[in-house]
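Visitor: I am new to this structure and would like to know what stands behind the words used for it. Please show it to me before I ask.

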Amino acid sequence: MLSSLLRPAAAVINHLLAQEPWAQARLIAHRDKTACIDTGVAQLMLTVAGDGFLKNPDDTAVAAVTINLKLSDLPLIAANRERAVSYVKLEGDADFANAISQLSQKLRWDAEDDLSRVVGDVAATRIVSGARGLFEAARTTQRKLTENLAEYFLEEQPMLIRPRQLQDFSADVVRLRDDLERLSKRIEKLERR
């Protein structure tokens, strides 16, 4: 089932490549090379065509680069594409892998352009700006909720401790231990007299 869901991936990536001619030019240097994305559950193999777009490979195609990733890491990769490489394991042609990595970091979907073809320029601009505002409001709400919960558990219902308070407490414990050791040695000295 998952492999059938991955099949349209070439069309989606090709749509993004069509919006970015520099990306196609970057891939043309790797014409006829095949990349394999292995999730452990399913594999997606794509071959670079002569025009810089992707196509489904021949049955005899061998992957020049294999990208191993866990499905559980996909949300982390989507959230921070600049760090995506830290969540995957690359094997094979280093130059091809580097090109794929750069494309994964820099390719962006121009939603406004696609929407303008359906609903017109003005409506597309408003829809996209509204969606951005909605996402920003959700992000701000999540951040404020996190801050409020942290303050509640630090101040009103102390279940957490601030790092500075922990450092001060640790320093006090060390100082008390040292004082106790000195006192113990003084008592031993007094007892010997």
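Visitor: What percentage of the residues of the chain count as buried?

Guide: This is a predicted model. Of its 193 residues, 21% count as buried.

Visitor: What are the elements of the chain, and in what order do they run?

Guide: There are eight helices and five strands. Starting at the N terminus, the order is α-α-α-β-β-β-β-α-β-α-α-α-α.

Visitor: How do you know whether the chain is spread out or a compact globule?

Guide: For 193 residues the globule rule gives 16 Å, whereas the radius of gyration of the chain is 28 Å. The value is well over the rule, so the chain is more spread out than a compact globule. Along the principal axes, the C-alpha atoms fill a box of roughly 95 × 45 × 35 Å.

Visitor: Why is H30 called buried?

Guide: Buried means under 20% relative accessible area. H30 has 2% relative accessibility, so H30 counts as buried. H30 sits in the loop between α3 (21-28) and β1 (34-38).

Visitor: Which residues is H30 in contact with, leaving aside neighbours within four places in sequence?

Guide: The contacts of H30 are V48, D95, F96 and A99.

Visitor: What makes F169 exposed or buried?

Guide: The cut-off for exposed is over 50%. F169 has 54% relative accessibility and therefore counts as exposed. F169 belongs to helix α8, which covers residues 163-192.

Visitor: Which residues make the nonpolar surface patch with F169?

Guide: I161, L166 and V173 make that patch together with F169, and its area is about 380 Å².

Visitor: How many aromatic pairs does the structure hold?

Guide: The structure holds one aromatic pair. Its members are Y152 and F153.

Visitor: What makes the pair of Y152 and F153 edge-to-face?

Guide: Ring centres must lie within 6.5 Å for a pair, and planes over 60 degrees apart count as edge-to-face. For Y152 and F153 the values are 5.2 Å centre to centre and 70° between the planes, and the pair is edge-to-face.

Visitor: Why are Y152 and F153 called partly exposed?

Guide: Partly exposed lies between the two limits, under 20% for buried and over 50% for exposed. Y152 has a relative accessible area of 33%, so Y152 is partly exposed. F153, at 27% relative accessibility, therefore counts as partly exposed.

Key
Residues are numbered from 1 along each chain as its sequence is written. This is a predicted model: local features need pLDDT of at least 70, side-chain atom pairs count only at pLDDT 80 or more; totals for chains, interfaces and linings use all residues. Side-chain values use heavy atoms; hydrogens and water are left out. Patches are made of residues with over 30% relative accessible area and no salt bridge: like charges are joined within 9 Å, nonpolar side chains (Val, Leu, Ile, Met, Phe, Trp, Tyr) within 5 Å. Accessible areas come from the Shrake-Rupley method with a 1.4 Å probe; for residues, only the protein chains shown count as cover. A salt bridge is a side-chain nitrogen of Lys or Arg within 4 Å of a carboxyl oxygen of Asp or Glu. Helices (H or I, at least four residues) and strands (E, at least two) are DSSP runs, numbered from the N terminus. Buried means under 20% relative accessible area, exposed over 50%, partly exposed in between (1.4 Å probe, protein chains only). The radius of gyration is taken over C-alpha atoms; the globule rule is 2.2 Å times the number of residues to the power 0.38. Rings of Phe, Tyr and Trp (its six-membered ring) pair if their centres lie within 6.5 Å; planes under 30 degrees apart count as stacked, over 60 as edge-to-face and the rest as tilted. Contact means heavy atoms within 4.5 Å.
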